[in-house]
Amino acid sequence: MINFKKVEQKEIKALAHLASKIWHEYWTIILTPEQIDYMVEKFQSEHAIQNQYENENYTYYFIQDNGENLGYFGISDKENYLFLSKLYISKDNRHKGIGAKAFEKIKQIAREKSYKSIQLTVNKYNKNTISAYNKWGFETIDSVVTDIGEGFVMDDYIMQYNLTP
């Protein structure tokens, strides 16, 4: 049975390890190994996650089945919306409806916090993920190219899901 466990400070190392594993199995279809390594270090290393907890108002959840971490998601409170920063599921557990269950949990959290929408950024070439977000009711509201350093950029769509009361 799928459940969601809030990641505690003492579990950040395990989260960073899981993130590195998933990013290296997933992003090879779009990004170079060098960019994946750079992005993992910049956004999903122990230090980066710790900084997100302390300075960027992030909360992470493990996606679990019988205590096994199958994936994770990260959210951040913004002024007018909940930002879905990350939603990743390990390779062997994709296409089983787990992402949809995680999104239900994310919507529940957003409603509990009285947000009216959820926003995220998604790589413009990440067609399968964009398709899933569209299926879940997200709409593309903008696009952005962000310089992340070392000559790398993130070329993303900004998508939004409007919560109904």
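Two strands are taken to pair if DSSP finds at least two bridges between them, and helices (H or I, at least four residues) and strands (E, at least two) are DSSP runs, numbered from the N terminus. In these terms, eight bridges join strand 2 to strand 3 (residues 68-77), and the two strands run antiparallel. The model described here is a predicted one, in which local features need pLDDT of at least 70 and side-chain atom pairs count only at pLDDT 80 or more, while totals for chains, interfaces and linings use all residues. Residues are numbered from 1 along each chain as its sequence is written, and side-chain values use heavy atoms, with hydrogens and water left out.

Strand 2 itself is mostly covered, as seven of its eight residues are buried.

Strand 2 is also joined by five bridges to strand 1 (residues 2-6), and these two strands run antiparallel. In this pairing, N3 stands opposite Q64 in strand 2. F4 is likewise placed in strand 1 and counts as partly exposed, at 21% relative accessibility. When its neighbours within four places in sequence are left aside, F4 is in contact (heavy atoms within 4.5 Å) with Y61, F62, I63, F73, K101, A102 and K105. The C-alpha atoms of F4 and G67, which are 63 residues apart along the chain, are separated by 9.7 Å, whereas those of F4 and E54, 50 residues apart along the chain, are separated by 21 Å.

In general, an α-helix has 3.6 residues a turn, so residues three or four places apart point the same way. Just after helix 3, N57 takes a positive phi of about 60 degrees.

Strand 4 is joined by two bridges to strand 5, and the two strands run parallel; in this pairing, F83 stands opposite Q119 in strand 5. Six of the seven residues of strand 5 (residues 117-123) are buried, so this strand is largely enclosed by the rest of the structure.

Strand 4 (residues 82-89) also gives the most to the lining of the largest pocket, with seven residues. On a 1 Å grid over the protein atoms alone, a pocket is an open set of points with protein on both sides within 12 Å along at least five of seven lines, in contrast to a cavity, where a 1.4 Å probe fits but cannot get out, and lining residues have an atom within 4 Å of a point. About 1,200 Å³ of space lies in the largest pocket, the volume being the space filled by probe spheres set on the grid points, which are joined across faces, edges and corners. Of the 49 residues that line the largest pocket, the closest to its centre are L87, Y88, N126, T129 and Y133. The lining divides into 27 nonpolar, 15 polar and seven charged residues, where Ala, Val, Leu, Ile, Met, Phe, Trp, Tyr, Cys and Pro count as nonpolar, Asp, Glu, Lys and Arg as charged, and the others, Gly among them, as polar.

Several loop residues complete the description. H95, in the loop between strand 4 and helix 4, has a positive phi of about 65 degrees although it is not a glycine, and H95 is exposed, with a relative accessible area of 79%. E150, in the loop between strand 6 (139-149) and strand 7 (152-162), has a positive phi near 55 degrees and is exposed, with a relative accessible area of 65%.

How values were computed
Buried < 20%, exposed > 50% of the residue type's maximum accessible area, 1.4 Å probe, protein only.
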